[in-house]
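Visitor: I would like to go through this model with you and ask, for each label, what value stands behind it. Could you show it to me before we start?

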Amino acid sequence: VNIFARKIAGWQEEKAANGQYIVMTKWIGMSGGARLAAMYRDRLLTRYPAFIMEETEALEQFYSIEKEAAEAVKTYAVCMNDCSDGGIFAALWQLGDKNCVGLEVNLKDIPVRQETIEVCEFFDINPYKLRSDGALLIVTGKPEELIEALHKQDINATVIGRITENKDRIILSGEEQRFLEEPRQDESRMVY
């Protein structure tokens, strides 16, 4: 992401700071879900109709992050992190780690498609730890401007959290909060 962004506009990534917002593009688990749908199509067809696999595999069209990275550079992005290997939880961990900051993310604000949820339920894997090529985390002080610009490009984007001054990486789920753990590996690698 960073090399591409610098090439297009001479953009220099900065460190994320307290109070800035974390915007996420597209949806989590797209590539991991598509991979599982392609590899285990026959098994999945024992429970789900074929259109679920077709829609999951069709998510491949959303894997490129070039358009949103370019738009983020134009609309005051501070830094970016892709969500490929290890999924959204790994990407959030990496974002906090490389910026030496904490973060607070609301689980219900993280976008995920229903077909990805269906595939994850079948294999009993966590969609938040599933490979998510095509999803991008963008830190900005101007989330409304960024989201509006991305929506004009037909790119799904939403605020999922904010940067905090301490180093705690917290995931909120209703009244509950938990600390994000250092990631291990992409969940789809757990399926045999």
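Visitor: What makes the contact between the side chains of K152 and E148 a salt bridge?

Guide: Before the values, a word on their origin: this is a predicted model, in which local features need pLDDT of at least 70 and side-chain atom pairs count only at pLDDT 80 or more, while totals for chains, interfaces and linings use all residues. Residues are numbered from 1 along each chain as its sequence is written, and side-chain values use heavy atoms, with hydrogens and water left out. A salt bridge requires a side-chain nitrogen of Lys or Arg within 4 Å of a carboxyl oxygen of Asp or Glu; the N to O distance for K152 and E148 is 3.5 Å, and therefore the pair qualifies. Both residues lie in helix α8 (residues 143-152), four residues apart, about one turn of the helix, where helices are DSSP runs of H or I with at least four residues, strands are runs of E with at least two, and both are numbered from the N terminus.

Visitor: Why is K152 called exposed, and why is E148 called partly exposed?

Guide: Exposed means over 50% relative accessible area, buried under 20%, and partly exposed in between, with a 1.4 Å probe and protein chains only. K152 has 66% and so counts as exposed, whereas E148, at 46%, is therefore partly exposed.

Visitor: Why is T140 called buried?

Guide: Its relative accessible area is 0%, so T140 is buried. T140 belongs to strand β4, and its side chain reaches the backbone oxygen of Y76 at 3.2 Å. That is a polar contact because it meets the limit for a pair of N or O atoms within 3.5 Å, where, within protein, one must be able to donate a hydrogen and the other to accept it, and residues adjacent in sequence count only if both atoms are side-chain atoms.

Visitor: What makes a set of residues a nonpolar core, and how many residues has the largest one?

Guide: The members must be buried Ala, Val, Leu, Ile, Met, Phe, Trp, Tyr or Cys residues joined through side-chain atoms within 4.5 Å. The largest nonpolar core has 26 residues, and those with the most contacts inside it include I22, L92 and I160.
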